[in-house]
Amino acid sequence: MTISADIEGGISSESAVFPAPFEEDVADFYEAFLVPILFEPYASEMAIVAERLKPCSVLEVAAGTGALTRALRATLDHATELVATDLSQAMIDVGAPSLTMSRTHWMHADAQNLPFAPSMFDLVVCQFGVMFFPDKLKAYGEAKTVLRSGGRFLFATWDSLSANDFARYVDECLAGLFRSDPPDFLSRLPYSYFDPHTIKAHMSSAGFDSVSCDRIELTSVAAAHDVAAAFCQGTPLRGEIEKRAPGRILEIVDEVAEQLESRHGVRPCGGMSALVVVGRVS
């Protein structure tokens, strides 16, 4: 497969659909803290599922800094073509240098307006990105279009905030610090799309069949300060904090870390829960 020959065109700034872009400094914190705490454990699980499907060509959307990309590259056959895309150029700039192997390509692309020819991939994957798509049916339809007959769309979405300890801990700490106007980013977006019936209905409406939705529960252990930095500085939650407390982000991180440590220990153990979804194109 020659990737460049099949690209229909780039994307313009008007197609940027994510509600809170990941800027460069956020991307660095995301890679340093959020990836090892949350994303690498699930990347390993998703790569196992992907390998069982034996794809020859894979498109990853909302790849972030490449946690799943690296797991796929380490797990899939070396001849598999892998294209990793993200809407945030800052994320790509952080992730691309970590994986420069042959048959691996990085691109700036919008999951809701993919610049690829129809029926180009055997597998489309997305780890913890679908929650951010304003128009999920459009994004799912784009995935279906670029998949060959018999191809699969594999993605992971977080379970509820109540089922994910670290996120819930941080959310509770911030609610106490900003009692009159607590930041709601975590419940509003990343931990908002977890109802299996809704997810299956969306996938079916987009044209996928044989849709499965499996809950996978894992555990993560991390330093309390790393957990605080991961969520408060490595996600768009940072913007919500800075809006409420200008110039005080480091102070807020320290306060959240102190509360986490006092309640759950220096290196708290956090349960995680996510849904792994697979749909097939007829």
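This is a predicted model: local features need pLDDT of at least 70, side-chain atom pairs count only at pLDDT 80 or more; totals for chains, interfaces and linings use all residues.
Visitor: Good to know. How does that contact divide into nonpolar, polar and charged?
Guide: The contact of H9 with H10 has 4 nonpolar residues, 1 polar and 1 charged.

Visitor: And at what angle do H9 and H10 pack?
Guide: The angle is about 85°, and the axes of H9 and H10, the latter spanning residues 237–244, are 6 Å apart. An angle like that makes H9 roughly perpendicular to H10.

Visitor: OK, staying with H9: how do its axis and that of H11 cross?
Guide: H9 covers residues 224–233 and H11 covers 249–264; their axes come within 8 Å and cross at roughly 135°. H9 and H11 are therefore oblique to each other.

Visitor: Is that crossing of H9 and H11 left-handed or right-handed?
Guide: The crossing of H9 and H11 is right-handed.

Visitor: Which residues of H9 and H11 meet there?
Guide: From H9 you have Ala-224, His-225, Val-227, Ala-228, Ala-229, Cys-232 and Gln-233. Their partners in H11 are Ile-249, Leu-250, Val-253, Asp-254, Val-256, Ala-257, Leu-260 and Glu-261. By type, the contact of H9 with H11 splits into 11 nonpolar, 2 polar and 2 charged residues.

Visitor: Nice. What about H6 and H11, how do those axes cross?
Guide: The axes of H6 and H11 come within 10 Å, crossing at roughly 120°. That angle makes H6 oblique to H11, and the crossing of H6 and H11 is right-handed.

Visitor: Who makes the contact between H6 and H11?
Guide: H6 brings Tyr-169, Val-170, Glu-172, Cys-173, Leu-174 and Leu-177, while H11 brings Ile-252, Glu-255, Val-256, Gln-259, Leu-260, Arg-263 and His-264. Sorted by type, the contact of H6 with H11 has 8 nonpolar residues, 2 polar and 3 charged. Val-256 and Leu-260 of H11 are worth a look, as they are listed in the contact with H9 and in the contact with H6.

Visitor: Changing topic: how many cavities of 30 Å³ or more does the structure hold?
Guide: There are 2 cavities of 30 Å³ or more.

Visitor: What lines the largest cavity?
Guide: Its lining consists of Val-61, Ala-111, Leu-114, Val-124, Phe-133, Ala-139, Ala-143 and Phe-153. The 8 lining residues of the largest cavity are nonpolar, with no polar and no charged ones.

Visitor: And which residues line the second largest cavity?
Guide: Leu-38, Asn-164, Asp-165, Phe-166, Ala-167, Tyr-191, Phe-231, Gly-271 and Met-272 line the second largest cavity. Helix H6 (165–177) and strand E7 (269–280) are the elements giving two or more residues to that lining.

Visitor: Which element gives the largest share of the second largest cavity's lining?
Guide: H6 does, with 3 residues.

Visitor: Last one: how does the lining of the second largest cavity divide by residue type?
Guide: The lining of the second largest cavity has 6 nonpolar residues, 2 polar and 1 charged.

Conventions:
Residues are numbered from 1 along each chain as its sequence is written. Side-chain values use heavy atoms; hydrogens and water are left out. Axes are lines fitted to C-alpha atoms, for helices over the stretch in contact, and angles run from 0 to 180 degrees between N-to-C directions. Helices (H or I, at least four residues) and strands (E, at least two) are DSSP runs, numbered from the N terminus. Angles under 35 degrees count as roughly parallel, over 145 as roughly antiparallel, 65 to 115 as roughly perpendicular and the rest as oblique. A crossing is left-handed if the near helix is turned anticlockwise from the far one by less than a right angle, and right-handed if clockwise. Contact means heavy atoms within 4.5 Å. Ala, Val, Leu, Ile, Met, Phe, Trp, Tyr, Cys and Pro count as nonpolar, Asp, Glu, Lys and Arg as charged, and the others, Gly among them, as polar. On a 1 Å grid over the protein atoms alone, a cavity is a set of points where a 1.4 Å probe fits but cannot get out, and a pocket is an open set with protein on both sides within 12 Å along at least five of seven lines; lining residues have an atom within 4 Å of a point. Grid points are joined across faces, edges and corners, and a volume is the space filled by probe spheres set on the points.
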